[in-house]
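Student: Could you take me through this model step by step, starting with the terms we will need?

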Amino acid sequence: MKLHNVSTHRKYLCGVGVGPGNPKLLTLAAVEAIESADLVLAPTSSQDEPGRAEEIIQKAIGAIPIRRILFDMAKGESGIELRKSTALVAAKEIVELLQPGEKAVFLTLGDPNVFSTFNLLARSVASIDPSVEISSIPGIMAFQDLVSRSGMTLLDEEESLRLLVGLQVDDKIEEALKDSSSAVVIYKGGRNLPAIVELAKKTGRLEDGWIGVKIGLGESEVDRLQNIGTEPVGYLSTMIFPPKRH
Ligand SMILES: C[S@@+](CC[C@H](N)C(=O)[O-])C[C@H]1O[C@@H](n2cnc3c(N)ncnc32)[C@H](O)[C@@H]1O
């Protein structure tokens, strides 16, 4: 299907955020982009299984043809190198498959410009064919859904937000939690839940903390951090701490 209002000479790649899990959190812009695309791509960690983003789309708009891109999610430098080479191969394919005037969309959990393989893919496509027009459609992020489910106000007046990665529990997390005027969001910290809970206790933030595991995705769990226990949880988990308000 050809897109309206596009040049017939250029090819298009759009990163589409599909939200954290609940299909109702998909935006109208995302649905429109997906339904009008010539090629829909989605990351997966196993060719035989739909990835999370694909699952959300299946629930929201039904089964549509989706080309899966197998991204190895291994941690560290070797994982990053693997993902770079996957992105390059996928980028070559996209540039070859698309005819001038056609558009590919790449589905991504949450937002496509925050911790997403879309970044790698877009850079690879641009390096192969700089004439491809690259754009994105924002998606609701997991921490926003968690804030809403917890009932808290995340930020007010002059408060700031710090979004950190919890793959390592280092001084950065402790320093952020010590800054009581900032809200703290921790992504990718499930494995380090015990250490993060300890830091939250030490800095007086535990009682206000919330955690969401697989938010909106089937067996999800959303609770106060102090109720969840101290065992590690999975990768798809987000923790939030509002500022300390007196
Ligand atoms: C590779 S990042 C993807 C971020 C995504 N692009 C976004 O904008 O939310 C993966 C991290 O996002 C968070 N995350 C994404 N979806 C989630 C969900 N449904 N439930 C809990 N955390 C989620 C977790 O912290 C997870 O470790």
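Tutor: Two residues are in contact if their C-beta atoms, placed from the backbone, lie within 7 Å. The model is predicted, with local features needing pLDDT of at least 70 and side-chain atom pairs counting only at pLDDT 80 or more, while totals for chains, interfaces and linings use all residues. Residues are numbered from 1 along each chain as its sequence is written.

Student: With which residues is F118 in contact, leaving aside its neighbours within four places in sequence?

Tutor: F118 is found in helix α4, where helices (H or I, at least four residues) and strands (E, at least two) are DSSP runs numbered from the N terminus. The C-alpha atom of F118 is separated by 14 Å from that of R52, 66 residues apart from it along the chain. Once the neighbours within four places are set aside, the contacts of F118 are G15, F106, T108, P112 and S136.

Student: Why does F118 count as buried?

Tutor: A residue is buried if 20 or more other C-beta atoms, placed from the backbone, lie within 10 Å of its own, exposed if 12 or fewer, and partly exposed in between. F118 counts as buried because the number of its C-beta neighbours inside 10 Å is 25.

Student: Which residues does S124 touch, not counting those up to four places away in sequence?

Tutor: S124 is also found in helix α4, and it counts as buried because it has 20 C-beta neighbours inside 10 Å. Its C-alpha atom is separated by 27 Å from that of A142, 18 residues apart along the chain. With residues up to four places away not counted, S124 touches A87, L88 and A91.

Student: How wide is the arc that the buried residues of α4 cover around the axis?

Tutor: The buried residues of α4 are T117, F118, L121, A122, S124 and V125, and what covers them includes β1, β2 (39-44), α3, β4 and β5 (133-137). The arc is that of the directions from the helix axis to the C-beta atoms.

Student: Within what arc do the buried residues of α6 fall?

Tutor: In helix α6 (residues 171-178) the buried residues are I173, A176 and L177. They line one face of the helix, because seen down the axis of α6 they fall within an arc of 95 degrees.

Student: What separation lies between the centres of domain 1 and domain 2?

Tutor: The domain assignment gives domain 1 (12-137) and domain 2 (142-241), with bounds that come from an automatic or database assignment. Eight residues of domain 1 are in contact with nine residues of domain 2. Taken over C-alpha atoms, the centres of domain 1 and domain 2 are separated by 27 Å.

Student: Is E157 buried or exposed?

Tutor: E157 lies in the loop between α5 (142-150) and β6, and it has a positive phi of about 45 degrees although it is not a glycine. Because 7 other C-beta atoms lie within 10 Å, E157 is exposed.
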